[in-house]
Amino acid sequence: MTKRNKAYKFRLYPTGQQALLIRKTFGCVRFVYNKMLAERIETYETLKDDKIALKKVK
């Protein structure tokens with residue numbers, strides 16, 4: 001017997017308040033991701049010559 005994968009597609013129709021909440025949530029997620037990415041890049045730039053210290057920072 002072979003295993004078959006199934007896929008389902010869903011379509012959402014949020015109300016105005018729900019759409020606003022979704023936009024705010026993804027805006028916050030994007031902000032936090034970009035902030036952490038910038039911090040990680042800055043840490044790498046300052047410690048790129050010291051590989052041992054770079055491994056300790058996580």
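This is a predicted model: local features need pLDDT of at least 70, side-chain atom pairs count only at pLDDT 80 or more; totals for chains, interfaces and linings use all residues.
The secondary structure of the protein consists of two helices and zero strands. Its radius of gyration is 21 Å, which lies well over the 10 Å that the globule rule gives for 58 residues, and the protein is therefore more spread out than a compact globule. Taken along the principal axes, the box filled by the C-alpha atoms has dimensions of roughly 50 × 45 × 15 Å. Of the 58 residues, 7% count as buried, while the accessible surface of the protein amounts to about 6500 Å², with 61% of this area belonging to carbon and sulfur atoms.

Residues 1-46 are listed by UniProt, in an unreviewed entry, under the feature "domain: Transposase putative helix-turn-helix".

Helix α1, which comprises residues 16-47, contains F31. The relative accessibility of F31 is 55%, and because the threshold for the exposed class is over 50%, F31 is counted as exposed. Together with V32 and M36, F31 forms a nonpolar patch on the surface, and the accessible area of these residues together is about 320 Å².

Methods: Residues are numbered from 1 along each chain as its sequence is written. Side-chain values use heavy atoms; hydrogens and water are left out. UniProt positions are given in the numbering used here, feature names are shortened, and annotations may be inferred rather than shown by experiment. Patches are made of residues with over 30% relative accessible area and no salt bridge: like charges are joined within 9 Å, nonpolar side chains (Val, Leu, Ile, Met, Phe, Trp, Tyr) within 5 Å. Accessible areas come from the Shrake-Rupley method with a 1.4 Å probe; for residues, only the protein chains shown count as cover. A salt bridge is a side-chain nitrogen of Lys or Arg within 4 Å of a carboxyl oxygen of Asp or Glu. Helices (H or I, at least four residues) and strands (E, at least two) are DSSP runs, numbered from the N terminus. Buried means under 20% relative accessible area, exposed over 50%, partly exposed in between (1.4 Å probe, protein chains only). The radius of gyration is taken over C-alpha atoms; the globule rule is 2.2 Å times the number of residues to the power 0.38.
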